[in-house]
Amino acid sequence: MNELQLEQCIKDYGKDIYAFCSQLTRNLQETEDLYQDTFLKAVELGPRIDFEKNPRSYLISIALRIWKNRRRKYAWRKRIAGTEQLTEETAADKCQGQESSPEDAVLRQELRLQVQEAVAGLEDKYRVPVYLYYTLQLSTEQIGKIMNLPQGTVKSRLYKARKLLKQKLEGV
């Protein structure tokens, strides 16, 4: 496809392709990206386009394939990186307009896994109070009743567990 053919395609079918891209993405930035990528791919596939038949449908099929590929990649990345639960901290960040990048989300997930592994490596007498206190958010008094221990013992085990975790996670 030469420049004249590209300009003619944009002139004849540009509005239709843009409207189609807009319907697919429902987002201005993604619409413009998809529109540009469609015509870039059309230039790349130029010799395949038969201008005697229906080039508009061919361009629409290019846009559709690109959009499906992007959605597939996005879904795959979500499966790889996983999703994080919404906590008060992340909710506050998003309310302030500080959306994190995908890299930050992956790093947080990795850190969370490392902390979970470190906690799992603790002895039971330290691991159980940490789980009850931080995950289930029980008070030291409630943990003492559950484990049949004095409240002071629960506090000292939490203190010791924090020290052990700090040593394990020092490099992280």
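Me: How many of the chain's 172 residues, in percent, count as buried?
Reply: 21% of the 172 residues do. Buried means under 20% relative accessible area, exposed means over 50%, and partly exposed lies in between (1.4 Å probe, protein chains only). This is a predicted model, in which local features need pLDDT of at least 70 and side-chain atom pairs count only at pLDDT 80 or more, while totals for chains, interfaces and linings use all residues. Residues are numbered from 1 along each chain as its sequence is written, and side-chain values use heavy atoms, leaving out hydrogens and water.

Me: What makes up the secondary structure of the chain?
Reply: Eight helices and zero strands. From the N terminus on, the elements run α-α-α-α-α-α-α-α.

Me: What share of contacts between residues at least 6 apart in sequence joins residues at least 24 apart?
Reply: 57% of them. Contact means heavy atoms within 4.5 Å.

Me: Which residues touch the most other members of the largest nonpolar core?
Reply: Ile17, Cys21, Leu34, Phe39, Leu59 and Ile62, out of 15 core residues. α1 (3-25), α2 (28-44) and α3 (55-81) each supply at least two residues of this core. α3 gives the largest share, five residues. A second, separate core has 11 residues, including Ala118, Val119, Leu122 and Val154.

Me: What makes a set of residues a nonpolar core?
Reply: The members are buried Ala, Val, Leu, Ile, Met, Phe, Trp, Tyr and Cys residues, joined through side-chain atoms within 4.5 Å.

Me: What does Ile17 contact beyond its neighbours within four places in sequence?
Reply: Tyr35, Thr38, Phe39, Arg56, Leu59 and Ile60. Ile17 is also among the buried residues of α1, along with Cys9, Gly14, Cys21, Leu24 and Thr25.

Me: Where is the kink in α1 centred?
Reply: On Tyr13, with a value of about 65 degrees. The bend at a residue is the angle between axes fitted to the seven residues ending there and the seven starting there. After α1 comes Arg26, with a positive phi near 55 degrees.

Me: How do you know what span α6 should have, and what do its end C-alpha atoms give?
Reply: The 12 residues of α6 (124-135) should span 16 Å at 1.5 Å a residue. The end C-alpha atoms are 15 Å apart, so the two agree. Tyr126, Pro129, Val130 and Leu132 are the buried residues of α6, and they pack against α5 (102-120), α7 and α8. Just after α6, Gln137 has a positive phi of about 55 degrees.

Me: Is Leu45 buried or exposed, and why?
Reply: Leu45 is buried because its relative accessible area is 12%. Leu45 sits in the loop between α2 and α3. Not counting residues up to four places away in sequence, Leu45 touches Tyr58, Ile62 and Arg65. Leu45 and Ile62 are 17 residues apart in sequence, with C-alpha atoms 9.7 Å apart.

Me: Why does Arg65 count as partly exposed?
Reply: Its relative accessibility is 41%, so Arg65 falls in the middle class. Arg65 belongs to helix α3. Thr38 is 27 residues from Arg65 in sequence and 9.2 Å from it in space, C-alpha to C-alpha.

Me: Why are α7 and α8 called roughly perpendicular?
Reply: α7 (140-147) and α8 (151-168) pack at about 105 degrees, with axes 8 Å apart. Angles under 35 degrees count as roughly parallel, over 145 as roughly antiparallel, 65 to 115 as roughly perpendicular, and the rest as oblique. The pair is therefore roughly perpendicular. Axes are lines fitted to C-alpha atoms, for helices over the stretch in contact, and angles run from 0 to 180 degrees between N-to-C directions.

Me: Which residues make the contact between α7 and α8?
Reply: Thr140, Glu141, Ile143, Gly144 and Met147 of α7, with Gln151, Val154, Lys155, Arg157 and Leu158 of α8.

Me: What makes Gly144 buried?
Reply: Its relative accessible area of 6%. Beyond residues up to four places away in sequence, Gly144 touches Leu149 and Val154.

Me: Is Asn148 buried or exposed, and why?
Reply: Asn148 is exposed because its relative accessible area is 70%. Asn148 lies in the loop between α7 and α8. Although not a glycine, Asn148 has a positive phi of about 60 degrees.

Conventions
Helices (H or I, at least four residues) and strands (E, at least two) are DSSP runs, numbered from the N terminus. The expected span of a helix is 1.5 Å times one less than its number of residues.
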